[in-house]
Amino acid sequence: MMITKTDLQEFRRCKMLEQDLLLRLKELTATKENLRAMSVHGGGGSGGKSSPVEAAIIQIEKIQELYCRRLTERIQKQIEIEEELSRLEPIDSAIIRGYYLSGHKWETVAISLGYDTRSVTRRHKIILEQLAA
């Protein structure tokens with residue numbers, strides 16, 4: 001598989017969204033549990049029809065499934081990227097991981113690797129060519 005700069009940029013953007021999805025999943029789980037508790041304490045019988053609380057729980061579960069699918073897709077993409085990065089030199093994969101997978105700024109990546117920013121961004125261009133080949 002070939003990885004392009006656009007793939008890596010998209011992954012970086014999705015990485016930021018992942019934290020939001022995880023937070024929303026946690027909030028939805030808490031809301032669902034609160035609704036279930038209300039349903040138990042408030043009585044659930046409505047003559048065979050689903051109550052508004054039960055309907056809300058079903059909707060929350062649908063949203064949770066959607067979020068889980070998105071997270072699974074993102075994890076699969078990360079596996080593909082990691083497989084491609086494994087064929088690079090360790091320093092090169094560290095540059096790509098630092099910037100795209102961890103979301104650090106170029107300056108931070110350079111400092112963490114003991115290089116100047118200009119050298120790292122120049123090396124980045126070469127790495128992208130290798131990944132696209």
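## Surface, fold and pocket

The protein chain has an accessible surface of about 8,700 Å², with carbon and sulfur atoms holding 56% of that area; areas come from the Shrake-Rupley method with a 1.4 Å probe. This is a predicted model, where local features need pLDDT of at least 70, side-chain atom pairs count only at pLDDT 80 or more, and totals for chains, interfaces and linings use all residues. Residues are numbered from 1 along each chain as its sequence is written, and side-chain values use heavy atoms, without hydrogens and water.

The chain has five helices and zero strands, counted as DSSP runs (H or I, at least four residues, for helices; E, at least two, for strands). Its radius of gyration over C-alpha atoms is 22 Å, well over the 14 Å that the globule rule (2.2 Å times the number of residues to the power 0.38) gives for 133 residues, so the chain is more spread out than a compact globule.

| Property | Value |
|---|---|
| C-alpha box along the principal axes | roughly 70 × 30 × 20 Å |
| Buried residues (under 20% relative accessible area) | 29% of 133 residues |

Which helices line the largest pocket? Both α1 (5–41) and α2 (52–85) supply at least two residues each, and α1 gives the most, with seven. The lining includes Phe11, Cys14, Arg70 and Lys77.

Definitions and conventions
1 Å grid on protein atoms, 1.4 Å probe; cavity = no way out; pocket = protein on both sides within 12 Å on 5 of 7 lines; lining within 4 Å. Buried < 20%, exposed > 50% of the residue type's maximum accessible area, 1.4 Å probe, protein only.
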